[in-house]
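Here is a friendly walk through one protein model, written to be read with the structure open beside you.

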Amino acid sequence: MGRAFAYVILGGGVAAGYAALEFTKRGVSQGELCIISEEPVAPYERPALSKGFLLPEARARLPSFHTCVGDNEERLTPKWYKEHGIELVLGTRVKSADVRRKTLLTATGETISYKILLVATGARALKLEEFGVTGSDAENVCYLRDLADANRIFDAMQSCPGGNAIVIGGGYIGMECAASLVINKINVTMVFPEAHCMARLFTPKIASYYEDYYKSKGVTFIKGTVLSSFDIDSDGKVTAVNLRDGSLLPADMVVVGIGIRPNTGLFEGQLTLEKGGIKVNGKLQSSNSSIYAIGDVAAFPVKLFGESRRLEHVDSARRSARHAVAAIMEPEKTGEFDYLPFFYSRVFTMSWQFYGDNVGEVVHYGDFSGNTIGAYWVSKGYLVGSFLEGGTKEEYEAIAKTTRLKPAIEDLGELERQGLGFALTVSQKPLPSPPVEVNGFGLVLERPIYALHATAGVIVAASIAAFAYWYGRRRRRW
């Protein structure tokens, strides 16, 4: 027994919701599209789980944060899917995939076949057991990846007002959950092995800025060590956390955020994998022409870097979903996915955005004792990354455009002196023209050349060619 669809989205996270909306915009017919999700609810905006969902007042609850409200689009409630003839197969685990036969087998034994499959399986939270530490099943040990996890954290907070929370990990989940715990008047200690928080993105100076702010809110940081074991009482609850450096921390609840791993298991040995995810081309198409991958699970070519990346952020999920559907529905009109890597976070009253890549030399700017700070990353003479805390909408747009332009930087000192003003100035300039080809000779432009300059170059080159032709004919006459 089974069902067949033209299009199947495997996974029910952020990317699935945005893909569904794009399918309807591009004219998918009723009954053609199906979404299969292990979660029992329709796709929703995951960032809400570490922010609004955990607030002590005016808490965010479904259906308020179903996709696609996170990008100022309409909210896709279960009723919306029904009205558009989209089948939601919820609370269902797919236990195997047969790429050759184009079929998926669910844990209940149903076979679902497809013509085109959109893999949006996302990633799972890494568990402590994968690092040799037991205790994840304790009632007050929490992870955060889905709605059930968020409910578990919320219940744990409710059970220990004014208690002690130990946050294991200093990345996105750790920082955002720590802020929510503090707002709920929970005492927070953060533990991580790195020298500073957000080590994959922040410089030591930027990290220090945020750590100082967190400390002013009462958060304690313990760095350079890791969790070694739990003390657990007869009720199965953690009462203390033991660290490798010998420290013992009393605990009423523990939140673990130590990374994620893409869910590629169904396709190992069937699709080409890269950088931990499913390798796709510029149209988000995998090594099998009938399968596309989007979101956290996709390793796609980033034009700005000239290499493939797998990006773990909601913005990438939203954009890749839209582009993949466009490539599926209108392949001739859809070009390569040209994505500018973008990360952001909001904690307490703070808000930062980052664009591009954090490689090369760093130039900081702004008042690090104030509300607005920033940084640029310069690699091989070009600006490749930009960070800004406390900016306006226009300022964030300016650093985004400047990063995409990838301007040449000759003087780091001057860049530091100009600070945010550099991005505001550069972003006012027109976008560069593509390289021009004259008489079969490619002109390689290593720095941005704008339309007027390019046109002048073509005229000059053509004039030189005409003169050479005339001069050669005259010489033959002589």
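In strand β11, the residue that bridges to Met-190 is Phe-221. This is a predicted model, in which local features need pLDDT of at least 70 and side-chain atom pairs count only at pLDDT 80 or more, while totals for chains, interfaces and linings use all residues. Residues are numbered from 1 along each chain as its sequence is written, and side-chain values use heavy atoms, with hydrogens and water left out.

**Confidence**

The pLDDT is the predictor's confidence in each residue, on a scale from 0 to 100. Its average over the protein is 91, and 90% of the residues reach at least 70. Residues 434-478 fall below 50, and this stretch has 30 contacts in the model beyond near neighbours in sequence. Contact here means heavy atoms within 4.5 Å.

**Strands and a crossover**

Helices (H or I, at least four residues) and strands (E, at least two) are DSSP runs, numbered from the N terminus. Two strands pair if DSSP finds at least two bridges between them. Strands β10 (residues 187-192) and β11 (residues 220-223) run parallel and are joined by 4 bridges. Together with helix α6 (residues 204-216), β10 and β11 make a right-handed β-α-β unit. Right-handed means that, with the strands pointing away from the viewer, the path from the first strand over the helix to the second runs clockwise.

Strand β12 (residues 227-232) pairs with strand β13 (residues 238-243) in the antiparallel sense, over 5 bridges. Leu-227 sits opposite Leu-243 of β13. This hairpin has 5 residues between its strands, and Gly-236 takes a positive phi near 85° there.

**The nonpolar cores**

A nonpolar core is a set of buried Ala, Val, Leu, Ile, Met, Phe, Trp, Tyr and Cys residues joined through side-chain atoms within 4.5 Å. The largest one has 134 residues, and Leu-118, Met-190, Phe-202 and Phe-387 touch the most other members. Helix α1 (residues 14-25) supplies the largest share of this core, 8 residues.

**Aromatic rings**

Rings of Phe, Tyr and Trp (its six-membered ring) pair if their centres lie within 6.5 Å; planes under 30 degrees apart count as stacked, over 60 as edge-to-face and the rest as tilted. By this rule there are 24 aromatic pairs. Phe-343 and Phe-354 form a tilted pair, because their ring centres are 6.3 Å apart and their planes meet at 40°. This pair links Phe-343 in strand β22 (residues 342-347) with Phe-354 in strand β23 (residues 350-356), 11 residues apart. Ring pairs also join Tyr-172, Phe-202, Tyr-209, Tyr-210, Trp-352, Phe-368 and Phe-387 into a cluster.

**Accessibility of selected residues**

Buried means under 20% relative accessible area, exposed over 50%, and partly exposed in between (1.4 Å probe, protein chains only).

| Residue | Relative accessible area | Class |
|---|---|---|
| Phe-343 | 16% | buried |
| Phe-354 | 1% | buried |
| Asp-296 | 12% | buried |
| Arg-404 | 36% | partly exposed |

Asp-296 is found in the loop between β19 (291-293) and β20 (298-302). Its contacts, leaving aside neighbours within four places in sequence, include Arg-145, Arg-310, Glu-312 and His-313.

Arg-404 belongs to helix α8 (residues 393-405). Not counting residues up to four places away in sequence, Arg-404 touches Leu-304, Asp-338, Tyr-339 and Leu-340. From C-alpha to C-alpha, Arg-404 and Ser-386 are 10.0 Å apart in space, and they are 18 residues apart in sequence.
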